[in-house]
Amino acid sequence: MTTPEQLLQKFTITAHDLELVRAAGAVIRPALSDFVGRWYGWLATQAEMNTFFEEASTLERVKRLQADYWRTLFDAVIDESYIAHRRHVGSVHANIDLPNDIYFAGVTVALDLFTVMLGEQIDDPPQCTAMTQALSKVIVLDAYLVVDEIAAIQKERIAQHSRAVMEMSTPVTPIWEGILLLPLVGILDSMRTADIMHKTLTTIAEMRAKVFVLDISGVSAVDTAVANQLIKITKATRLMGCEPIISGLSPSIARTMVELGVNVGEIRTTATLRDGFEIALRMIGVLGELTGQPQKVVG
Amino acid sequence: MEMPNAGGVHAMTEAGGVLVVTMPPDLGRDGLESLRDAALERLTERKLNAIVLDFSGVDMLGTADLDRIHAFLGTARLLGSRTAISSLAPGIAAFLATTDARTDGIDFFLGLEDALRRYGDRRA
């Protein structure tokens, strides 16, 4: 966690800069409501205005909040509380999905307006320039804090979605007493493979499954890496004492596996899920009961 | 019939012509050697049909451990016994599969009862 002191150092904001911001605030504060009015005058020319401020009451409330925002900026006390407030602003922006372009354009417009206001009221040009530069540094720091919070929230959202997709993408399901089915769909990578391995083995232990059917009809492509990962999953399955079957091998995937020299060893493979399921039923002895024929039973 | 090993940590049991060895959670090289010697002696003396190493109490197993166990069970096979491992934890199974550990000649069972059902009362 970055401390306020570290942030100030990183953004080269000195104690003198903060003094200059406070001095600029003394000039701008009396005209802050005028500033807010001019800033929203600019926003009214943007298409986003109607999207975010459909109700007049919302607009008035946000105008008041913005005035408070600038007052705290001109206080130039950058501590934990200040940082937390800016991050909160970022979370609000993230929640309303405020586009980055309108946010940065708004920051630029605010800085332009402040520069003009300072230029109109300060006769000493070098002092005016120094104030504007100090103000720019603090506004950039503010923008960083807001955007960093937006990025953190978006990153967490993506992680949540990934977890949800991962959860949905490995549906290890008991389809019969002692038989587990995992229909694989989409693209396999090492992370997903590790998740499949973990889920499959855990479910085998929990359900006491005797047979595991891995159906790859929905897998778009099989290369050496993917094939080897599938073999490892089935090998681990066998180490658990559960007999694996890989079903749904299309002719093209089977041909690719042969061309790549992938050794499936003693693992049963079938072209269709139906065939794989039939073998699984035979392995646990159920097919014999269903057809009235004696069958070899696993375990 | 139970017989604790020299360290008194693991136990061996006979059931239906099968020697069941309950593996301790913290099996070291020395522990495995004493276990191996005791188990092989028992297999020879009692003319048992199979040996099953039950891993239900083991959460971690390294490749070096498995290599020693593989050699141990290979020796048991030379003595005419069938060899099996039961109740491997999912994490161990995943680790062994990922590292391509040697497992040839060993049968694996979900639980000890599955192994006993397969091997029990079939004297060699």
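**Briefing: cores, a sheet and buried polar residues**

Leaving aside residues up to four places away in sequence, B:Met23 touches B:Leu32, B:Leu35, B:Leu53, B:Asp54, B:Phe55, B:Val58 and B:Ile69. The model is predicted.

**Nonpolar cores**

- The largest nonpolar core has 64 residues, and B:Met23, B:Ile51 and B:Leu53 touch the most other members.
- Helix α10 of chain A, residues 224-239, gives the most to this core, with 7 residues.
- A second, separate core has 54 residues, among them A:Ile13, A:Val21, A:Ala67 and A:Ile150.
- In soluble globular proteins, nonpolar side chains tend to be buried together.

**The open sheet in chain A**

- Chain A has an open sheet of 5 strands, in the order β1-β2-β3-β4-β5, and the pairing is mixed.
- Strands β1 (173-176) and β5 (268-269) of chain A stand at the edges with a single partner strand each, so one side of each is left without a neighbour in the sheet.
- Strands β2 (residues 179-186) and β3 (residues 211-219) of chain A run parallel and are joined by 7 bridges.
- In this part of the sheet, A:Val211 in β3(A) is the residue opposite A:Ile179.
- Helix α12 of chain A, residues 273-283, lies across β1, β2, β3, β4 (243-247) and β5 of chain A. The helix runs at about 165° to β4(A).

**A:Gln66**

- A:Gln66 lies in helix α5 of chain A, which spans residues 56-75.
- A relative accessibility of 13% means that A:Gln66 counts as buried.
- Not counting residues up to four places away in sequence, A:Gln66 touches A:Phe35, A:Trp39 and A:Tyr40.

**B:Glu14**

- B:Glu14 is in strand β2 of chain B, residues 11-15.
- With a relative accessible area of 17%, B:Glu14 is buried.
- The side chain of B:Glu14 is joined to that of B:Arg42 by a polar contact of 2.9 Å, and to that of B:Arg46 by a polar contact of 2.8 Å.
- B:Glu14 and B:Ile51 are 37 residues apart in sequence, and their C-alpha atoms are 9.2 Å apart in space. B:Ile51 is also one of the residues that touch the most other members of the largest nonpolar core.

Technical notes
Residues are numbered from 1 along each chain as its sequence is written. Chains are lettered from A and ligands numbered from 1 in the order in which they are written. This is a predicted model: local features need pLDDT of at least 70, side-chain atom pairs count only at pLDDT 80 or more; totals for chains, interfaces and linings use all residues. Side-chain values use heavy atoms; hydrogens and water are left out. Two strands pair if DSSP finds at least two bridges between them. Helices (H or I, at least four residues) and strands (E, at least two) are DSSP runs, numbered from the N terminus. Contact means heavy atoms within 4.5 Å. Axes are lines fitted to C-alpha atoms, for helices over the stretch in contact, and angles run from 0 to 180 degrees between N-to-C directions. A nonpolar core is a set of buried Ala, Val, Leu, Ile, Met, Phe, Trp, Tyr and Cys residues joined through side-chain atoms within 4.5 Å. Buried means under 20% relative accessible area, exposed over 50%, partly exposed in between (1.4 Å probe, protein chains only). A polar contact is a pair of N or O atoms within 3.5 Å; within protein, one must be able to donate a hydrogen and the other to accept it, and residues adjacent in sequence count only if both atoms are side-chain atoms.
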